[in-house]
Amino acid sequence: MTKYLQGAAVAALSIAIAAPAVADEWSVSVWGKPRVFTSHIEKLNEILTEKTNGEFTLNISYGGLSSNRENLDGISIGAFEMAQFCAGYHRDKNPTLTVLELPFIGVNTLAEEVAVSNAVYATDAAKEDLGRWNAMLLMPSPMPQYNIVGTGEPADSLEKFEGMRVRATGGIGQAFQTVGAVPTSVTATEAYNAMESGVVDTVAFAQHAHFAYRTIDMADWWTANLNPGTVNCPVVVNTDAYDMLSDEHKAALMEAVPMAMDHYLAEYAKILDKWEGILAEKNVQKVTYSEEDLEKFRAAAAAPIRDQWIADMTAQGMPAQELYDTMMEALKASRM
């Protein structure tokens, strides 16, 4: 009997040694087409595949799994393991993240955007907020300050925004509302058709999105220095899927994130270098606002919207002031 047990143990050990490591293939829901906005996810897949010898890979779907407005819902039910979404698409589902979409917070570079995003993502409040959707915040998709393309007569003064229909979400939409514009929160994929059909007069995007969604092809003018803010679009993973990873695959994922972000920033720099040439090529007029107009815009939008956000979020039980302070401290630290 003892010999039998010893033989069985040796056989079991041999099987365990011979068995291949568990392979993980995660489905990832994004939208549009491959572009700089998704370059960190594409790079993440490359790094993971290399680091794990193909045992941990990402199957990235551009619109085949869910719509962009429903990616967080898909994560919550485990329809896919990873997804990208923008906080402004459903502010009530991720209220903590909307602090990052407040207008005129003073972020000037993509590196600063990464710093403030990661600081907010690391707070207990943000983790608990996204935890309601079984989601874990993995990395941001930093974008520069939004500006507007429009058709027809340029809005070369704040007064000309009165009654103008602007495709703008979140805090950016609120900011334009303070100067009389009418914000419309159509999704990025709907922006071109909305502009073409006259549903909106202008579209607020970062540069890569004006390329990706072809709104630059319709533009007569571009606001070069309005810089009202940006949107925050995190990449999240399903918490259960993450918990099921081996320790090795968890480590590989977390080690890959900084490298993927470095790649993203390098790719975005190429877009910014290319932008001025595209404006000239397409004969798009650059509209530059006076400091006086910009100060009026900031006075109307920055403090009032910030204070209202803090009051509203505090009333909902969120540590709003703490979130805002965390963001501003991270911004200050990133400049030191």
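Colleague: Which residues of α4 are buried?
Modeller: Leu-110, Glu-112, Glu-113, Val-114, Val-116, Ser-117, Ala-119, Val-120 and Tyr-121 are buried in α4. Bear in mind that this is a predicted model.

Colleague: Why is α4 called largely enclosed by the rest of the structure?
Modeller: Take the count. Of the 12 residues of α4, 9 are buried, so the helix is largely enclosed by the rest of the structure.

Colleague: What do the buried residues of α4 pack against?
Modeller: Their partners are α5, β4 (135-139), α10 (247-281) and α12 (320-334).

Colleague: How do you know that the span of α4 is close to the expected one?
Modeller: Set the two values side by side. The expected span is 1.5 Å times one less than the number of residues. For the 12 residues of α4 that gives 16 Å, and the first C-alpha to the last also covers 16 Å.

Colleague: Why is Thr-123 called buried?
Modeller: Its relative accessible area is 12%. Buried means under 20%, so Thr-123 qualifies. Leaving out residues up to four places away in sequence, Thr-123 touches Leu-323 and Thr-326.

Colleague: What makes the pair Cys-86 and Cys-233 a disulfide?
Modeller: The S to S distance is 2.0 Å. The cut-off is 2.5 Å, so the pair counts as a disulfide. The structure holds 1 disulfide.

Colleague: Why is the disulfide of Cys-86 and Cys-233 called right-handed?
Modeller: Look at the torsion about the S-S bond. For Cys-86 and Cys-233 it is about 100 degrees, so the disulfide is right-handed.

Colleague: What makes this a link between distant parts of the chain?
Modeller: The two cysteines are 147 residues apart. Cys-86 sits in the loop between β3 (82-84) and α4, and Cys-233 in the loop between β9 (221-223) and β10 (235-238). Both Cys-86 and Cys-233 are buried.

Colleague: Where is Ile-105?
Modeller: Ile-105 is in the loop between β3 and α4.

Colleague: Is Ile-105 buried or exposed?
Modeller: The relative accessible area of Ile-105 is 12%. That is under 20%, so Ile-105 is buried. In sequence, 201 residues separate Ile-105 from Arg-306, while their C-alpha atoms are 9.0 Å apart.

Colleague: And Ile-305, buried or exposed?
Modeller: Ile-305 has a relative accessible area of 9%, so against the limit of 20% the residue is buried. Ile-305 belongs to helix α11 (residues 291-315). Its contacts, not counting residues up to four places away in sequence, are Leu-102, Pro-103, Gln-174, Ala-175 and Thr-178. Glu-276 is 29 residues from Ile-305 in sequence, and the C-alpha atoms are 32 Å apart.

Colleague: Why is Pro-144 called buried?
Modeller: The value for Pro-144 is 15% relative accessible area. The limit is 20%, so Pro-144 falls on the buried side. Pro-144 lies in the loop between β4 and β5 (147-150). Leaving out residues up to four places away in sequence, Pro-144 touches Leu-110, Ala-206, Gln-207, Thr-230, Tyr-268 and Leu-272.

Colleague: Why is Arg-214 called partly exposed?
Modeller: Arg-214 has 41% relative accessibility. Arg-214 is in the loop between α8 (207-212) and β9.

Colleague: What stands out in the backbone of Arg-214?
Modeller: Its phi is positive, about 65 degrees, although Arg-214 is not a glycine. Most residues other than glycine have a negative phi. Asn-134, in the loop between α5 and β4, also has a positive phi, near 55 degrees.

Colleague: How many helices and strands does the protein chain have?
Modeller: The protein chain has 12 helices and 11 strands. Its C-alpha trace spans about 95 × 45 × 40 Å along the principal axes.

Colleague: How many of the 336 residues are buried, as a percentage?
Modeller: Buried residues come to 53% of the 336.

Technical notes
Residues are numbered from 1 along each chain as its sequence is written. This is a predicted model: local features need pLDDT of at least 70, side-chain atom pairs count only at pLDDT 80 or more; totals for chains, interfaces and linings use all residues. Side-chain values use heavy atoms; hydrogens and water are left out. Helices (H or I, at least four residues) and strands (E, at least two) are DSSP runs, numbered from the N terminus. Buried means under 20% relative accessible area, exposed over 50%, partly exposed in between (1.4 Å probe, protein chains only). Contact means heavy atoms within 4.5 Å.
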